[in-house]
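Subject: Structure handover

Hello,

Here is the structure for your files. My notes on it follow below.

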Amino acid sequence: MNFFDIIWFIFIIFAFTPVLQQKYLENMRIRTIRSMEKKMNSRVITLIHRQETISFFGIPLSRYIDIDDSEQILRAIRLTEKDMPIDIILHTPGGLVLAAEQIAKALIRHPAPVRVFIPHYAMSGGTMLALAADEIYLDENAVLGPVDPQLGEYPAVSILQVVREKGIENVDDKTLILADMSQKAVNQVKSTIKKLLQDRMDSEKASFLAELFTSGKWTHDYPISYEEIKNLGISVRNDLPEEVYELMELYPQAGNRRPSVQFIPIPYKLPEKGNK
């Protein structure tokens, strides 16, 4: 084997290794999901948005809730018997309102119980999906977030605030158009949240929570903790099955950068007294 053959062989190894690793992860994910379904007697659906390294060149790809996600989840729901529970593993920064509302409304229509498991965070549209579930399982250190709509780079409620403070006569036509769109977006999302909640609580409480989550009281990335969710009167549990965390390990972040956090990934406990 000459020098050029060696170089070519090394190139082939580097080119196909990411593909083989990705295939291994996909097989392990399916195996873990199957195991969870047997244990819980349910349909398990994952909506996990992580940055993954994909393709021969190891290019990282970031994801969010989009139309493709809503199409796939709606298909999974259609393929599930009406009396079979649905369990969703949720980890997302949010995404398109259209897609999130489609998924949320489909979950509400499913006759059997729907549970959502959130090991780390489910922000914005992810929170909308959590509020559509019959049961929310939230790790004690995980968070939800506000669902106030965003128009481009600006919060809709902030655009409305600018018009209120400056007055209609002191803003240009483009800002007025954005304000009109903002008001419609806020009304739409607020109405959706109220509909998601009103079957599990009285109308007054549902209206209060819909206003709270969409009013812009918090910044859009404000982390709403387990304790806050519980204090708001939303039913939530923190006893997530261990399989949920195991499944998250099969969705690693892109590995093409130096890690900023490292530890030995095994459970630790203090030694018993008298033992060294």
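**Strand 4 and the sheet around it**

All of strand 4 (residues 86-91) is buried, six residues of six, so this strand is largely enclosed by the rest of the structure. Buried here means under 20% relative accessible area, with exposed over 50% and partly exposed in between (1.4 Å probe, protein chains only). Strands (E, at least two residues) and helices (H or I, at least four) are DSSP runs numbered from the N terminus.

Before the rest, the ground rules. This is a predicted model, in which local features need pLDDT of at least 70 and side-chain atom pairs count only at pLDDT 80 or more, while totals for chains, interfaces and linings use all residues. Residues are numbered from 1 along each chain as its sequence is written, and side-chain values use heavy atoms, with hydrogens and water left out.

In a regular strand the side chains alternate between the two faces of the sheet. In strand 4 both faces are covered: I86, I88 and L90 are buried on one side, and D87, I89 and H91 are buried on the other.

Two strands count as paired if DSSP finds at least two bridges between them.

- Strand 1 (residues 43-48) with strand 4: parallel, six bridges. I45 has I88 as its bridge partner, and T46 has I89.
- Strand 4 with strand 5 (residues 114-118): parallel, four bridges. Here R115 in strand 5 is opposite D87.
- Strand 5 with strand 7 (residues 135-138): parallel, four bridges. I118 has L138 as its bridge partner.
- Strand 7 with strand 12: parallel, two bridges. V236 in strand 12 is opposite I136.

Strand 4 and strand 5 also form a right-handed β-α-β unit with helix 3 (residues 97-109). Right-handed means that, with the strands pointing away from the viewer, the path from the first strand over the helix to the second runs clockwise.

**Cores**

A nonpolar core is a set of buried Ala, Val, Leu, Ile, Met, Phe, Trp, Tyr and Cys residues joined through side-chain atoms within 4.5 Å. The largest has 47 residues, and I118, L138 and I193 have the most contacts inside it. Helix 3 gives the most to this core, six residues. The core takes at least three residues from each of domain 1 (40-145 + 223-255) and domain 2 (148-218); the domain bounds come from an automatic or database domain assignment.

Not counting residues up to four places away in sequence, I193 touches M128, L131, V147, A210 and T214; contact means heavy atoms within 4.5 Å.

**Two loop residues**

H49 is in the loop between strand 1 and strand 2 (52-54). H49 is buried, with a relative accessible area of 5%. A polar contact of 2.7 Å joins its side chain to that of T92. A polar contact is a pair of N or O atoms within 3.5 Å; within protein, one must be able to donate a hydrogen and the other to accept it, and residues adjacent in sequence count only if both atoms are side-chain atoms. Leaving aside neighbours within four places in sequence, H49 is in contact with R63, Y64, I65, D69, H91, T92 and P93.

P241 is in the loop between strand 12 and helix 9 (242-249) and is buried, with a relative accessible area of 15%. Neighbours within four places in sequence aside, P241 is in contact with M40 and F117.

**Whole chain**

The chain has nine helices and 12 strands, and 42% of its 276 residues count as buried.

Regards
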